[in-house]
Amino acid sequence: MLRRRMLQAGIAIGMLAVSVFGWSSAANASPTSFVAKAVHSGGAGAVAVQATGGLSWYSRSVTVTSLKLYVKAGECGKLSVIGSQGNSVVDAKGWDRCGGTTGGWQTIGNVTLDGSAVSGGITDVTVYVRDVDHEIVGYADCYRVNSSCYTGQY
């Protein structure tokens, strides 16, 4: 009887440690935020266009939350958010914005990419920002199964 109670207490302590310290399988984790930048001088210069936001993954769809776009003064940029499954685009949205004389952050808001019509839904989200004047493209590729986003520019 004592041995069984000690075992139950040990299991309870283990479960508490998992919940407090987050020691659980990463298989169900999904990336929750991203940053995509188009930077002058091959990445060593000033940021021309940048997008930030969060990702809320659902069974088939994704909501990009608090989407914001930065455009440098005197520059124009394009923002594309694409939800896909493998090589197939499921849903996409896009915006064109200019920085004007002062530049700065512009709020786009929450954007839903709908994958409800596709078996398995959206599994990848790619965010592209493009400096229109200098043809620099920055990106963030976010993969649900890998639990991460990969960034770069070309």
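**Close-up 1. The Cys142–Cys149 disulfide is right-handed, because the torsion about its S-S bond is about 110°.** This is a predicted model, and here the two sulfur atoms sit 2.1 Å apart. Cys149, at 24%, counts as partly exposed.

**Close-up 2. Cys76 and Cys98 make another disulfide, with 2.0 Å between their sulfur atoms.** The bond bridges distant parts of the chain, with Cys76 in strand S4 (residues 76–85) and Cys98 in strand S5 (residues 88–98), 22 residues apart. Its S-S torsion is about 100°, so this disulfide is right-handed too. Cys76 is partly exposed at 23% relative accessible area, and Cys98 is partly exposed as well, at 46%. That brings the disulfide count to two. Number the bonded cysteines in sequence order and the pairing reads 1-2, 3-4.

**Close-up 3. S4 and S5 form a hairpin with two residues between the strands.** The two strands run antiparallel and pair over 10 bridges. If you're tracing across the pair, Gly77 stands opposite Arg97 in S5. Have a look at the turn as well: Gly86 has a positive phi there, about 65°.

**Close-up 4. A salt bridge joins the side chains of Asp96 and Lys78, 3.0 Å from N to O.** Asp96 belongs to strand S5 and Lys78 to strand S4, so the contact ties together parts that are 18 residues apart in sequence. Asp96 is exposed, because its relative accessible area of 53% is over the 50% cut-off. Lys78 comes in at 29% and counts as partly exposed.

**Close-up 5. Lys93 and Asp91 also meet through their side chains, in a salt bridge of 3.1 Å (N to O).** Which of these two is buried, and which is partly exposed? Asp91 is the buried one, with a relative accessible area of 16%, while Lys93 is partly exposed at 32%.

**Close-up 6. Arg130 pairs up with Glu135 in a salt bridge, the closest N and O atoms lying 3.2 Å apart.** Arg130 is partly exposed, with 26% relative accessible area. With this pair included, the salt-bridge count comes to three.

Note on methods
Residues are numbered from 1 along each chain as its sequence is written. This is a predicted model: local features need pLDDT of at least 70, side-chain atom pairs count only at pLDDT 80 or more; totals for chains, interfaces and linings use all residues. Side-chain values use heavy atoms; hydrogens and water are left out. A disulfide is a pair of cysteine sulfur atoms within 2.5 Å. Helices (H or I, at least four residues) and strands (E, at least two) are DSSP runs, numbered from the N terminus. Buried means under 20% relative accessible area, exposed over 50%, partly exposed in between (1.4 Å probe, protein chains only). Two strands pair if DSSP finds at least two bridges between them. A salt bridge is a side-chain nitrogen of Lys or Arg within 4 Å of a carboxyl oxygen of Asp or Glu.
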